[in-house]
Amino acid sequence: MAKVTRTPLISGNWKMHHNHFEAISTIQKLAYLLHKEDTDAVDVSVHPPFTDLRSVQTVLEADDVPIALGAQHCHWEEKGAFTGEVSPAFLAKLNVSYVIVGHSERRELFGETDEMVNTKAKAILKWGMTPIVCCGETLEEREAGSTEDKVGGQIRAGLAGIAAEQVAGLVLAYEPIWAIGTGRTASAEDAQAVCAYVRSVVAEVAGADAAASVRIQYGGSVKAANAPELMAQPDIDGALVGGAALVAEDFAGIVQFRSA
Ligand code: PEP
């Protein structure tokens, strides 16, 4: 298997926080706080609410800020009678690079199924963007010893029918549901073990080269204090950050995990 260096990707999911004025001020602060050596070593994306995307895009492009624009969700169709939904084509037009799919909040609160995750991932790829495909177990599933079944099933279904060369460029995010927004983090060892398992599932469905290239983020109460240990794990290639991404100083502290 070819040795591949995976550039870490730290993504800030703002969820339903920050109107477009707050978004502009947060992204301006973040651009100021991050240095060239940070963004040379680490890919960074921010995922504001839809109503902020154009404003954030304008700030990033006007100042040539090396932060990628991301979205939190989209529909899989290009257009049509889907009231309230947003087309992947519209996101591509805003130069969105990454789109989160299958976040546990979308699965739990909005009925997003594995099948929808797969259809969306394919649509996002078709429009030249990169899906960040999320997986993760509940506390009950973890305690019942079924973490691998759950996460493995989500990844197999999410990647079904996607060509190995495309899988190689994907981002996967392991987010134990009990660690999201709770202040509880999986230990670095546990997070590493599940991320290594996710990589083994990718090897099984798309081959060893894709598994070596795919980036796997950990998400669940990542902070500047725990980022260095998590990021030191061999199968953790980044972080999907919620709460701590809302404050520019906190998020910059995570991106700067190498100097902690
Ligand atoms: C998330 O939104 O995906 C997340 C991991 O949130 P938090 O960092 O707040 O746990």
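## An exposed glycine

Glycine 181 counts as exposed, at 75% relative accessibility. The classes are these: buried is under 20% relative accessible area, exposed is over 50%, and partly exposed lies in between (1.4 Å probe, protein chains only). Glycine 181 sits in the loop between β6 (171-174) and α10. Its C-alpha atom is 6.6 Å from that of glycine 243, and 62 residues separate the two along the chain.

## Model and conventions

This is a predicted model: local features need pLDDT of at least 70, side-chain atom pairs count only at pLDDT 80 or more, and totals for chains, interfaces and linings use all residues. Residues are numbered from 1 along each chain as its sequence is written, and side-chain values use heavy atoms, with hydrogens and water left out.

## Overall fold

The protein has 13 helices and eight strands. Its radius of gyration is 17 Å, close to the 18 Å that the globule rule gives for 260 residues, so the protein is as compact as a globular protein of that length. The radius is taken over C-alpha atoms, and the rule is 2.2 Å times the number of residues to the power 0.38. Helices (H or I, at least four residues) and strands (E, at least two) are DSSP runs, numbered from the N terminus.

The C-alpha trace spans about 50 × 45 × 40 Å along its principal axes. Of the 260 residues, 53% are buried. Take the contacts (heavy atoms within 4.5 Å) between residues at least 6 apart in sequence: 74% of them join residues at least 24 apart.

## Surface and charge

The accessible surface comes to about 11,500 Å², and carbon and sulfur atoms hold 54% of it. Areas come from the Shrake-Rupley method with a 1.4 Å probe; for residues, only the protein chains shown count as cover.

There are 21 positive and 34 negative side chains. The centres of the two sets lie 3 Å apart. Lys and Arg count as positive, Asp and Glu as negative; His and the chain ends are not counted. Each charge is placed at NZ of Lys, CZ of Arg, CG of Asp or CD of Glu.

## Nonpolar cores

In soluble globular proteins, nonpolar side chains tend to be buried together. Here a nonpolar core is a set of buried Ala, Val, Leu, Ile, Met, Phe, Trp, Tyr and Cys residues joined through side-chain atoms within 4.5 Å. The largest core has 73 residues, and Ile10 and Val202 touch the most other members. Helix α10 (residues 188-206) gives this core its largest share, nine residues. Apart from this core lies another, of nine residues, including Ala68, Tyr98, Ile132 and Ala173.

Ile10 has contacts along much of the numbering. Leaving out residues up to four places away in sequence, Ile10 touches Val42, Asp43, Val44, Ser45, Gln217, Met231, Ala239, Val241, Phe251, Ile254, Val255 and Phe257.

## Helix α3

In helix α3 (residues 53-62), the buried residues are Leu53, Ser55, Val56, Gln57, Val59 and Leu60. They pack against α1 (20-33), β2 (43-47), β3 (68-71) and α4. Aspartate 64 follows α3, and its phi is positive, near 55 degrees.

## Positive phi in loops

Asparagine 95 is not a glycine, yet its phi is positive, about 60 degrees. Its loop runs between α4 (88-93) and β4 (98-101). Asparagine 95 is partly exposed, with a relative accessible area of 43%.

Serine 221, also not a glycine, has a positive phi of about 55 degrees. Its loop lies between β7 (215-219) and α12 (227-231). Serine 221 is buried, at 11% relative accessible area.

## Other sites

Leucine 139 lies in helix α7 (residues 139-143). Leucine 139 is partly exposed, with a relative accessible area of 26%. Beyond residues up to four places away in sequence, leucine 139 touches Trp178 and Arg184. Its C-alpha atom is 26 Å from that of valine 99, 40 residues away along the chain.

Arginine 106 belongs to helix α5 (residues 104-110). Neighbours within four places in sequence aside, arginine 106 is in contact with Gln72, His73, Gly111 and Glu112. Asparagine 19 is in the loop between β1 (9-13) and α1, and at 38% relative accessibility it counts as partly exposed.
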